[in-house]
Amino acid sequence: AIILAVVVMLMAAKAIGDGYELFAELMERVRFSYRKSFSWLNLELGGLSQKDAQAVNGLCRKLHGYTFFSRYTYQKQEKIVRLTLQPAPAVRTFFEGGWLEWFAFIELLAQVQAKGRGFSCARGVKVTFPNEDLHELDVVFLPQDQPPICIECKSGEFRQDIEKYLRLKRRLGIERGRFIVCAIDLTDAQAAGLNSMYELTFVSLSSLKTHLQTLL
């Protein structure tokens, strides 16, 4: 059952991440509904092109099939998707940013497997330093015969955490290119600007895959 749940999370995260530019409004609406303790939401697709409306509707139907929504209906004439949210904490966590960790995890997994390397990997790694400071790392991979790769995933504001990431990178001894901050609100230009200012690697959702290819 645990393995099945992980596979479902990975498939759902991959579907969202691959088309996030189109699905961003849906994800924000769902996050907003959870924050406001709403149990349902309506998504109007009339303002989208036919192709985009089909894609958004298709994702909603797929997520319902994965049980991320407890109810899904589509009113074809009005072009309105009606969704009832799942109250399960794991589902709420997924929509509030957990999906990005799963997306980064599967992108890195695909890259490592394509290179035919052995590896160890984990999500939510808790690190305790000698002074008993405790930190949690979102995604960590240790490719065979290579230094570790750490990805911190941010679905909201992250700039207040930059100094924390710099200290963490230094304490872990991870080189700059392998300590990655993936933020969904970053453009490639913004990421390039941050990379010129800080000893970290910032990537957008679209540039994550490209950067990972340079590491392996």
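Colleague: Where in the protein chain is confidence lowest, and where is it highest?

Modeller: This is a predicted model, and confidence is lowest in helix α1 (residues 2–18), at a mean pLDDT of 88. Strand β3 (residues 80–85) has the highest, at 98. For the protein chain, the mean is 93, with 98% of residues at 70 or more.

Colleague: Thanks! What makes Lys14 and Glu107 a salt bridge?

Modeller: Their closest N and O atoms are 2.7 Å apart, and the cut-off is within 4 Å, so the pair qualifies. Lys14 sits in helix α1 and Glu107 in helix α4 (residues 89–114), so the contact ties together parts 93 residues apart in sequence.

Colleague: Happy with that. How do you know that Glu28 forms a salt bridge with Arg31?

Modeller: The closest N and O atoms are 2.8 Å apart, so this pair also passes the test of within 4 Å. Both residues lie in helix α2 (residues 20–35), three residues apart, about one turn of the helix. Arg31 is buried, at 8% relative accessible area, whereas Glu28 is partly exposed, at 34%.

Colleague: And what makes Arg35 a partner of Glu28?

Modeller: Here the closest N and O atoms are 3.1 Å apart, so the pair is again within 4 Å. Arg35 is partly exposed, at 47% relative accessibility.

Colleague: How many salt bridges does the rule give?

Modeller: The count comes to twelve.

How values were computed. Residues numbered from 1 in each chain as written. Predicted model: local features only at pLDDT ≥ 70, side-chain atom pairs only at ≥ 80, totals over all residues. Heavy atoms only, no water. pLDDT = per-residue confidence, 0-100. Helix = DSSP H or I, 4+ residues; strand = E, 2+ residues; numbered from the N terminus. Salt bridge = Lys/Arg side-chain N within 4 Å of Asp/Glu carboxyl O. Buried < 20%, exposed > 50% of the residue type's maximum accessible area, 1.4 Å probe, protein only.
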